[in-house]
Amino acid sequence: MPNCPKIGLFDFGGLSKVNLFQFAVPQMVFGDLYAEKWFELFILNASSDQSSTLPCDGDLSLAEQMDMLIVAGWHDINEPPTPEVQHALRQAYTRGAMVVGLCYGTYALAYSGLLDGKKAATHWFAESDFSLRFPSIQLDTNALYVDENRLITSAGTAASLDCCLYIVRKFHGSRVANKIARMMVVPPHREGGQAQFIDQPLPIVSKDQQINQLLAKIQQNPTACYRIDELAEQLAMSRRTFTRHFQKATGTSLTQWIIHLRLKNSLTLLENTSLSIEQISERAGFQNTVSFHQHFKTRYQITPNDWRRAFVGIEK
């Protein structure tokens, strides 16, 4: 790897087509804001009419000299990059450069065909749309960033900062990455992934009225012990029929639905009370704190204490 990599940051037409936060992150991380020079950053005018309200260092022809190209966000997920931009991205990757898509910038890489058959990340809000458009790409919906053989993509918004700091570590090691993180007053590495930020609504209404009534009953008393055989008997169904109806109505099993409900309730307690983790575990309906920790970590990729620190700033 070069000691001072050249990085090309695409400008697609100035302020009207740039997410200022997304655009500012690589400028801050890779720019000339530090006493030591670790990267050379160039702003490349990639607009179709060559117009820009931002100061640029050159046009797409500069892309041929870059060790890395960055697409910081994307202004319209329904609009592919111009053929010239797609060619620049593919050519750079073919000759061994890194290509980076931050947040919706992953769409630009996907439209260019670079991610076919590979893993990638983007903002969780676009998960369904992205998967429909690009079924051959394996979307990691939890990762803050994915590095797939010189193709680096990140999750939404602030995850672009995690991604850029990762790139710094990749080129210059943890010492430099930690130094830049301290300058920016951010953690050099965040625990967990996107799962902790995704709003995952609990299915509480279906077309099956019997199941709807059951879900309402469980919601009113989520800490009670529920057994499939007993619930099936209440609905005059066999265990097998009940299981099939519940899966069809909710998209999941009774056990997983109840765990999801209890975890959602635990989030409210973590964020809005000063109860201890042990008290929250009991009030949410888990058998013990160990079980609560295990289910919480499996779903959100961080511990309850880490969640509380991230969203409230306290630990109990």
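Biologist: Which residue is the bridge partner of Asp11 in strand 2?

Modeller: This is a predicted model, in which local features need pLDDT of at least 70 and side-chain atom pairs count only at pLDDT 80 or more, while totals for chains, interfaces and linings use all residues. Residues are numbered from 1 along each chain as its sequence is written, and side-chain values use heavy atoms, without hydrogens and water. Strand 1 (residues 6-11) pairs with strand 2 in the parallel sense over six bridges; strands are DSSP runs of E, at least two residues, numbered from the N terminus, and two strands pair if DSSP finds at least two bridges between them. In strand 2, the partner of Asp11 is Asn45.

Biologist: Why is strand 2 described as largely enclosed by the rest of the structure?

Modeller: Strand 2 covers residues 40-45. Buried means under 20% relative accessible area, exposed over 50%, and partly exposed in between (1.4 Å probe, protein chains only). Strand 2 is largely enclosed because the number of its six residues that are buried is five.

Biologist: At what distance does the side chain of Thr153 reach the backbone nitrogen of Ala121?

Modeller: Thr153 lies in strand 9 (residues 151-154) and is buried, with a relative accessible area of 0%. Its side chain reaches the backbone nitrogen of Ala121 at 2.8 Å.

Definitions and conventions: Helices (H or I, at least four residues) and strands (E, at least two) are DSSP runs, numbered from the N terminus. A polar contact is a pair of N or O atoms within 3.5 Å; within protein, one must be able to donate a hydrogen and the other to accept it, and residues adjacent in sequence count only if both atoms are side-chain atoms.
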